[in-house]
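Me: I have a structure open and I'd like to go through it slowly with you. Could you help me make sense of what I'm seeing?
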Amino acid sequence: MKQFLHILVLCSFLNKIEGKQLLVGPGKHYASIKTAISESVANDSVIVSGGIYKEGNIIVDKSIFLIGKDFPILDGQYKFEILSIKASYVVVRGFRIRHSGYATLNDPCGIKVYDSHHVSISNNYLEDNFFGIYLQFCKKCIVKNNQLSSHGTEEQRIGNGIHCWKSDSLQITGNVVSGHRDGIYFEFVTNSVIWRNISFNNVRYGLHFMFSNNDSYISNVFKGNGAGVAVMFTHKVKMINNTFSENWGDAAYGLMLKEISDSYIIGNNFSKNTTGIFMEGTSRIKVESNKFDANGWGMKIQASCMDNEIVRNNFVGNTFDISTNGSLVLNTFNSNYWDKYEGYDLNRDNVGDVPYHPLSIFSVIVELNPPAMLLFRSFMVSLLDKSEKIIPSLTPDNFIDNTPLMHSLKL
Amino acid sequence: MNRITKFIVLDILKNKIVLVYTLILSILSWSVFSLEDNATKGLLTLLNVILLTVPLVSVIFSTIYLYNSSEFIELLLSQPVKRARIWRSLFFGLSSSLLLSFLIGVGIPILVFAPSDVSMMMLLVGMFITTIFVAIAFLSSIVTRDKAKGIGISILLWLFFALLFDGIILFLLFQFSEYPIEKMMVGITALNPIDLARILILLHLDVSAMMGYTGAIFKDFFGTTVGEVVVFAILLLWIIVPFWTSLIKFKRKDL
């Protein structure tokens with residue numbers, strides 16, 4: 001009897017949570033989304049069926065479910081911010097949101113969330129918007145499985161794909177972003193996770209990350225972005241299992257680190273970038289089990305970096321594995337596999353018996369005098385490199401891997 | 001012309017040196033590919049072979065052959081054959097037999113182990129280098145009658161193109177590092193066929209590094225179709241100009 005009562009009580013709650021359904025669409029009870037929202041109360045569901053809706057700026061100021069059926073199109077006619085969410089516990093799902101306005105003063109977006117928490121935005125298509133999804137002063141929000149595309153050509157004419165500012169505990173998962181300024185932008189965002197996103201062909205960065213501590217980004221793909229990925233002025237970031245590829249250009253880096261500390265870079269794949277990782281002013285970072293494959297420069301570690309550990313990585317087929325701009329070395333390189341290593345292993349413990357100098361003299365020459373790249377792979381340069389490997393004179397002699405591996409790691 | 005060329009090719013094929021050259025090239029290429037675990041490293045080793053060994057052998061062998069066949073040339077001249085025809089036949093015979101041994105020695109292993117656009121480019125470039133250095137040998141052997149002097153000139157030219165030229169460029173780069181000399185450097189490399197060949201391959205092999213700032217300047221020029229056509233045209237000039245000069249000299253030479 002007691003159990004039955006419990007169930008009865010639960011059921012009555014369920015009823016309350018469900019709310020009522022307000023149907024919007026041609027031939028439905030409501031013709032416009034705006035009126036449906038204005039007549040809804042908290043916990044109601046506004047269900048929009050397929051069609052094109054040009055209603056200007058739609059403001060969601062109640063904790064409702066806004067659900068699209070057959071991907072209804074919300075069109076901003078290049079004039080309005082399309083969806084403004086100003087309440088917590090809002091769910092937005094299944095829309096095709098396109099043609100937002102363009103303005104540099106108030107940054108009109110496809111979807112913008114103001115000062116809210118527990119908002120979920122999922123399974124939407126956002127096309128040809130200035131900014132895609134914008135979260136400001138948000139907490140515990142979810143942005144999941146959205147596809148954002150735009151056609152930006154210049155940095156100042158296009159906004160970011162997923163823009164997060166002054167927020168906490170966000171989950172950015174499974175989104176696909178292309179053609180925006182920065183694919184994903186984080187500024188003053190803490191305790192958040194960026195997982196399984198694909199960010200490609202954006203005008204500037206695939207991921208732009210500033211003043212955002214204690215975040216992690218895992219299993220994302222950043223490909224062919226104008227300047228790669230930038231992580232700056234941050235500590236305690238975990239970068240795991242991401243792929244950085246085909247970021248080409250002089251100022252394009254697979255991953256650019258500036259003023260980062262106490263972070264992890266583990267299990268990532270850097271392939272075909274002009275520079276795999278560029279480090280400046282970074283300290284106490286562990287770079288482990290990454291793959292550097294067919295990059296122009298595997299890593300560029302500026303002399304301003306200290307106490308970084310580069311261990312157990314594979315360096316294969318890079319033009320230069322490592323390059324630096326000074327003679328000060330405060331980082332350690334141990335137990336990596338370098339395909340340019342030519343030492344031997346007498347006791348067959350898979351560790352080379354001769355230490356390896358990953359810094360080639362020619363990479364130092366090119367750093368001092370970039371046009372010298374013209375002479376790369378000429379006989380004279382190989383001669384210089386060989387003699388420098390035996391007797392280091394120009395390159396710092398403590399730039400050394402004492403335990404280079406004989407075989408590549410299975411990563 | 002055909003009969004003289006045929007005769008020369010047969011004569012060279014009977015000559016053991018070209019057979020040994022073919023054998024050495026093929027042993028080198030096969031071993032390079034079977035020893036290295038990735039084909040790119042094999043290609044890099046072969047690049048050094050193409051940029052050093054191939055021009056050296058081409059230039060020295062051709063020079064020596066020309067000096068050794070001076071009596072044969074004199075004999076031919078007593079026949080009613082035009083001088084230009086004899087000289088051209090010699091050139092075609094020498095370069096085609098060296099090209100043949102290059103294609104057998106390097107071409108087959110490359111096509112077996114690493115068939116890609118880079119390796120095709122390497123083959124093409126290697127063929128150009130062979131022919132260019134045969135042409136240079138013709139020029140240096142016509143300049144002087146003295147065999148030792150002629151061979152000396154050939155070796156010096158090889159040394160200059162393979163080594164000294166790069167040293168001079170590096171020196172210039174550091175002397176003028178304050179100035180925007182990238183574009184000028186592109187022009188200067190046209191003065192050395194080995195450098196041109198190397199850069200052509202570099203643009204295919206190290207494409208990521210070449211996308212950097214200065215690399216981009218070279219890529220903008222050499223990497224485009226127009227640039228590549230221009231480079232091949234310059235390489236062609238490197239064959240035509242030395243040979244043409246030697247031909248003119250040969251026509252007027254008092255033998």
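Predicted model: local features only at pLDDT ≥ 70, side-chain atom pairs only at ≥ 80, totals over all residues.

Me: Ok, chain A to start. How many helices and strands does chain A have?
Reply: The secondary structure of chain A comes to four helices and 38 strands. Its C-alpha trace spans about 85 × 60 × 30 Å along the principal axes, and 46% of its 411 residues count as buried.

Me: Which residues of helix α3 in chain A are buried, and what covers them?
Reply: In α3 of chain A, which runs over residues 361-368, the buried residues are A:Phe362, A:Ser363, A:Val364, A:Ile365 and A:Val366. Their cover includes β36 (320-323) and α4 (379-390) of chain A.

Me: Now the core. Which residues touch the most other members of the largest nonpolar core?
Reply: Those are A:Val46 and A:Ile111, in a core of 167 residues. The element that gives the most to this core is helix α6 of chain B (residues 117-143), with 13 residues. As a general background, nonpolar side chains tend to be buried together in soluble globular proteins.

Me: What is A:Ile111 in contact with, then?
Reply: Leaving aside neighbours within four places in sequence, A:Ile111 is in contact with A:Ile82, A:Leu83, A:Ile85, A:Val92, A:Ile97, A:Ile121 and A:Ile133.

Me: Switching to where the chains meet. How many residues does each chain put into the contact?
Reply: Chain B contributes 31 residues and chain A contributes 25 residues. On the side of chain B that touches chain A, the elements giving two or more residues are α3 (39-68), α7 (147-175), α8 (182-189), α9 (193-205) and α10 (213-223) of chain B. The largest share of that side, eight residues, comes from α7(B).

Me: What classes of residue are on that side of chain B?
Reply: By class, the side of chain B that touches chain A has 18 nonpolar, nine polar and four charged residues.

Me: You mentioned α6 in chain B. How does α6(B) pack against α11(B)?
Reply: Two packed helices are described by the angle between their axes and the distance between the axes. For α6(B) and α11(B), which covers residues 225-252, the axes come within 8 Å and cross at roughly 25°. An angle under 35 degrees counts as roughly parallel, and α6(B) and α11(B) are therefore roughly parallel to each other. Their crossing is left-handed.

Me: Which residues meet there?
Reply: From α6(B) they include B:Phe128, B:Ile132 and B:Leu139, and among those they meet in α11(B) are B:Trp238, B:Phe243 and B:Lys249. By class, this contact of α6(B) with α11(B) has 13 nonpolar, three polar and one charged residues.

Me: And α1(B) with α5(B), what angle is that?
Reply: Helix α1 (residues 2-14) of chain B packs against α5(B) at an angle of about 40°, with the axes 8 Å apart, and α1(B) and α5(B) are therefore oblique to each other. This time α1(B) passes α5(B) in a right-handed crossing. The residues that meet include B:Ile4, B:Ile8 and B:Ile12 in α1(B) and B:Leu90, B:Phe92 and B:Gly93 in α5(B). By class, the contact of α1(B) with α5(B) has nine nonpolar, five polar and no charged residues.

Me: Where is B:Arg85?
Reply: B:Arg85 lies in α5 of chain B, residues 83-113.

Me: Why does B:Arg85 count as partly exposed?
Reply: B:Arg85 is partly exposed because it has 13 other C-beta atoms within 10 Å, where 12 or fewer would be exposed and 20 or more would be buried.

Me: Last topic, the backbone. What is phi for A:Gln77?
Reply: Phi of A:Gln77 is near 50°, which is a positive value in a residue other than glycine. Most residues other than glycine have a negative phi. A:Gln77 sits in the loop between β6 (73-75) and β7 (83-85) of chain A.

Me: And what about A:Ser335, where is that?
Reply: A:Ser335 is in the loop between β37 (332-334) and β38 (337-338) of chain A. Its phi is positive too, at about 55°, although A:Ser335 is not a glycine.

Methods:
Residues numbered from 1 in each chain as written. Chains lettered and ligands numbered in written order. Contact = placed C-beta atoms within 7 Å. Nonpolar A, V, L, I, M, F, W, Y, C, P; charged D, E, K, R; others polar. Core = buried A, V, L, I, M, F, W, Y, C linked by C-beta atoms within 7 Å. Axes fitted to C-alpha atoms, helices over the stretch in contact; angles between N-to-C directions. Parallel < 35°, antiparallel > 145°, perpendicular 65-115°, else oblique. Left-handed = near helix turned anticlockwise from the far one by under 90°.
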